[in-house]
Protein chains: 2
Amino acid sequence: MTQNTPGSPRIIELRQNILKKNDERARVLRSQFQADRLFVVNLVSGPGTGKTRLLEETLRGLRDRGLQVAALVGDPETDHDALRLARSGAPVKQIRTHGICHLEAEMIHEQLVDWNLAEFDYLFIENVGNLVCTTNYDLGESLRVVLLSVTEGEDKPLKYPALFNTADAAIITKCDLAEACECDIEEARKNLQRVRPNIPIWNTSAKTGQGMSEWLDFLIAQKNASPSEV
Amino acid sequence: MTQNTPGSPRIIELRQNILKKNDERARVLRSQFQADRLFVVNLVSGPGTGKTRLLEETLRGLRDRGLQVAALVGDPETDHDALRLARSGAPVKQIRTHGICHLEAEMIHEQLVDWNLAEFDYLFIENVGNLVCTTNYDLGESLRVVLLSVTEGEDKPLKYPALFNTADAAIITKCDLAEACECDIEEARKNLQRVRPNIPIWNTSAKTGQGMSEWLDFLIAQKNASPSEV
């Protein structure tokens, strides 16, 4: 959000200070995650793209493969998503931001103090639904994954390029609805590649299971290749 | 967005100043709109809820009834939406916010200087797709309308109450997709009413035309009842 504060020099200075402070906290978190051999995924997207549903299936899928997973989930209000995710059996905490439009590294730090991170293989952070304001806040993650739903329209990467450009991987969600929504998935993939060349992309449907196995394989390969495992 | 800047006293003071400046500009705009007998609608929602499609049909529908309409449309990047809306035959301008997550009264003012507002009956402002940051920015509008798509999930009003609470009317969009998306429209309406009691709500589909005629009737009744017409 601070990236977006319009302009006097005083405001620009302040927003730089906020981001600098966030970056410092994120660096400390990242060192801690690496020391604990924890692979951290930051899930970002607009509201209603199916982050929670995808995450629920992801937590179940990794647990079925014998891996230890946990999740933090951010929303301006309610704890609905934490309750849904807890059904997977994984430890989950809700972060209510009370109107703040993104998660920050400090909020993540506060939630983790009473968890023993070395017990987990993966930590998932479901960010607030926002295609703009989550962009500049590093949460110390190993991987930033952006979701694009077929219900949103193929052009979202072009309209909101900054966030898509910071992502390491992309998931097209709700592919079972593509025909009903008249969404051209190939066009969506091209727009993602235009904004972020060579980004890996999965076509998925949490409902039919499409693409979920490949997505889990990718997460496991990424963790095995990550610095903490070297 | 400024509502969401976390908090030192210095930042709180700054955000209050930004909003105060915006409110002052919005007041001037509102007086100007009333003097010109112009009815202004601010359309807000998350990304991909169908604001542009609804607006395209609205512009056509009002023009078919002999009314003069114009539109401003905000996006972080691209002029796709202005090109789509221009197909209606109405004058349209794109506001590229270059990463800013909401429209501000000053941006509206800058776009209007070379239009003779007295020529129009309605001005529509399509805000940036964002369920948080558009909340606190008054644009001098006569009516704030929030869109909720059946593809987003019934619980969005509860998760993002601040924006829904500031709206004067709500439109549920893409109702033709409700069954495919397993969306319970009655539940969505209840959640809207819980956050904003007595808000008028339309179930619509720009694709099938559902609800569009009632929505246009409402716009006409609202303009006839507005202070500029007294």
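**Exercises: core and chain interface**

Apart from neighbours within four places in sequence, A:Leu112 is in contact (heavy atoms within 4.5 Å) with A:Leu29, A:Phe33, A:Leu72, A:Leu117 and A:Leu123. The model is predicted, with pLDDT of at least 70 needed for local features and 80 or more for side-chain atom pairs, while totals for chains, interfaces and linings use all residues. Residues are numbered from 1 along each chain, chains are lettered from A, and side-chain values use heavy atoms without hydrogens and water.

**Exercise 1.** Find which residues have the most contacts inside the largest nonpolar core.

*Solution.* A nonpolar core is a set of buried (under 20% relative accessible area, 1.4 Å probe, protein chains only) Ala, Val, Leu, Ile, Met, Phe, Trp, Tyr and Cys residues joined through side-chain atoms within 4.5 Å. The largest has 94 residues, and Ile108, Leu112 and Leu123 of both chain A and chain B have the most contacts inside it. A separate second core, of 28 residues, includes A:Val41, A:Val73, A:Ala82 and A:Met212.

**Exercise 2.** Describe how chain A meets chain B.

*Solution.*
1. Contacts join 43 residues of chain A to 43 residues of chain B.
2. The copies meet through the same surface, because 100% of the interface residues of chain A are also interface residues in chain B.
3. The buried area (accessible area lost on being put together, 1.4 Å probe, summed over both) is about 3600 Å², with 62% from carbon and sulfur atoms.
4. Five salt bridges (Lys or Arg side-chain nitrogen within 4 Å of an Asp or Glu carboxyl oxygen) are counted between the chains.
5. One salt bridge joins the side chains of B:Glu182 and A:Lys207, at 2.9 Å, N to O.

Methods:
Buried < 20%, exposed > 50% of the residue type's maximum accessible area, 1.4 Å probe, protein only. Buried area = accessible area lost by both parts, 1.4 Å probe.
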